[in-house]
Amino acid sequence: VDSVLALYTAPRTAIRQVVAARYSPDATFEDPLVRVRGKDAIEAQFVALKAMFVSAALRNVEINIADSECQQKPGWAIAVTYSVLYRFSRFLGDIALEIRQTTQLRLNEDGLVELHRDEWHNPLGHLSHLPFPFGHIYDLWRSFLGYSSSVLTLRAAALVDATSSPVARLGDAVNNAFMDVTHSDLSVLGVLQCICDLRGFSTFRVGATTFQNMTAVIIGDVDALLLNIVSQLVHGGAASVHVVTAHSSGASAFHSSGVASEGNTCTVTLHVVDSSSSSEITLWCWSLRQLLLAPRRQVDLLVFGDFATGMGPRPHAMSRRQQKRQQQQQKHQQQLSPCRGGDLLGTDLEILDTFLTGIQPVLASCAH
């Protein structure tokens with residue numbers, strides 16, 4: 001179920017992996033707008049969502065394996081009801097499209113999805129009940145729209161793939177030259193992207209339900225930016241926020257700020273972890289997993305900020321460092337996938353690796 005739900009929030013590479021692993025070759029996907037068949041067409045539909053919306057998030061997920069409606073239809077195995085929040089732009093704050101829907105999954109004998117149906121809880125969701133001949137015309141329209149949109153998406157994706165490879169090689173060459181000159185692990189393209197993209201523009205413009213019932217973990221030094229993020233999570237409806245810092249001095253600054261008492265329903269907890277000891281980080285991650293295990297919660301939002309390092313200097317051999325960085329970044333990508341996010345800038349990779357490894361078991365598949 002987590003893999004299927006990740007299709008709505010995951011990046012394109014994760015979508016391809018989920019469809020390839022979880023869907024049968026002749027699987028069918030349908031919603032009130034389209035109906036398609038085959039793995040490529042299903043992948044294209046979810047890739048198209050990435051082109052139309054800048055981000056998506058799931059809310060209030062309810063899984064029902066023995067749903068009454070499913071029992072009336074032999075072969076249905078799982079029904080999941082939830083809300084999908086689609087954001088049009090990073091600069092529009094809370095302006096978003098929210099769709100409440102039920103996903104019904106039918107599995108074949110091998111446990112692969114052979115039918116994926118999304119029923120929307122809005123007027124469009126009632127179009128499937130149109131009488132003949134309008135219902136037949138509606139089905140033909142869904143098939144036509146699904147086929148045409150899948151073909152266009154697949155061709156557009158092929159064009160992007162054809163042009164992205166040389167651009168990526170050029171970017172790698174620029175980054176390697178920059179790191180050779182500066183003897184650092186910073187990516188010049190990553191820095192420019194963060195400056196030009198301005199994804200933080202709407203970070204502090206949130207509504208009362210932006211982070212509704214979410215569990216957040218924020219790892220970083222206690223400063224004005226971190227306290228502002230915590231405050232917005234509290235006012236945005238988060239259920240719990242765990243702040244992890246390396247300095248006891250940050251604890252006094254955190255408590256004196258009063259941010260923990262701003263919300264009536266949100267629980268804010270401060271954790272002081274010795275960043276110079278990987279065993280201490282591992283132990284804290286274990287305690288977090290135990291803490292979330294009882295209420296059966298997962299981490300919905302993971303934030304990495306500036307964090308004091310204490311694991312020794314970086315090696316000076318450029319080739320060895322670059323090789324280690326490449327291996328670790330690949331591992332981080334696997335750990336974060338299918339989560340959105342993953343910008344790594346100026347972070348001690350060993351600390352990051354230890355935190356990600358420890359938090360991964362309780363990291364929600366649709367987390368940010």
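This report walks through the fold, the cores and the salt bridges of the chain shown above.

This is a predicted model, so local features need pLDDT of at least 70, side-chain atom pairs count only at pLDDT 80 or more, and totals for chains, interfaces and linings use all residues. Residues are numbered from 1 along each chain as its sequence is written, and side-chain values use heavy atoms, with hydrogens and water left out.

**The overall picture**

The protein chain has 11 helices and 10 strands. Both are DSSP runs numbered from the N terminus: helices are H or I with at least four residues, strands are E with at least two. Of its 368 residues, 43% count as buried. Here, buried means under 20% relative accessible area, exposed means over 50%, and partly exposed is in between (1.4 Å probe, protein chains only).

As for contacts (heavy atoms within 4.5 Å), take those in the chain with a separation of 6 or more: residues 24 or more positions apart account for 69% of them. The accessible surface comes to about 19600 Å², and 57% of that belongs to carbon and sulfur atoms. Those areas come from the Shrake-Rupley method with a 1.4 Å probe; for residues, only the protein chains shown count as cover.

**Two cores**

A nonpolar core is a set of buried Ala, Val, Leu, Ile, Met, Phe, Trp, Tyr and Cys residues joined through side-chain atoms within 4.5 Å. The largest one has 30 residues, and Leu-7, Tyr-23, Ile-42, Phe-46 and Tyr-86 touch the most other members. Elements giving two or more residues to this core include helix H1 (2-5), helix H2 (12-22), helix H3 (39-52) and strand S4 (76-87). Another core lies apart from it, with 21 residues, among them Phe-211, Ala-216, Leu-226 and Val-243.

So who sits around Tyr-86? Leaving out residues up to four places away in sequence, Tyr-86 touches Tyr-8, Leu-49, Phe-53, Ser-55, Ala-56, Ala-96, Leu-97 and Ile-99.

**Salt bridges**

There are eight salt bridges in the structure. The term means a side-chain nitrogen of Lys or Arg within 4 Å of a carboxyl oxygen of Asp or Glu. Here are some of them:

| Pair | N to O distance |
|---|---|
| Arg-35 and Asp-139 | 3.8 Å |
| Glu-62 and Arg-100 | 3.7 Å |
| Arg-106 and Glu-114 | 3.0 Å |

Arg-35 and Asp-139 pair up in a salt bridge. That pair links distant parts of the chain, with Arg-35 in strand S2 (residues 35-37) and Asp-139 in helix H5 (residues 134-182), 104 residues apart. Arg-35 is partly exposed at 28% relative accessible area, and Asp-139 is partly exposed at 26%. Both also belong to a network of salt bridges that links Glu-30, Arg-35, Arg-117, Asp-139 and Arg-142.

Glu-62 bridges to Arg-100. This pair, too, links distant parts of the chain: Glu-62 is in strand S3 (residues 55-64) and Arg-100 in strand S5 (residues 96-107), 38 residues apart. Glu-62 is partly exposed at 48% relative accessible area, and Arg-100 counts as partly exposed at 25%.

In the Arg-106 and Glu-114 bridge, Arg-106 counts as partly exposed at 27% relative accessibility. Glu-114 is partly exposed as well, at 28%.

Gln-290 has its place in helix H9 (residues 278-293). Is Gln-290 buried, partly exposed or exposed? At 38% relative accessibility, Gln-290 counts as partly exposed. Gln-290 and Val-362 are 72 residues apart in sequence, while their C-alpha atoms are 9.6 Å apart in space.
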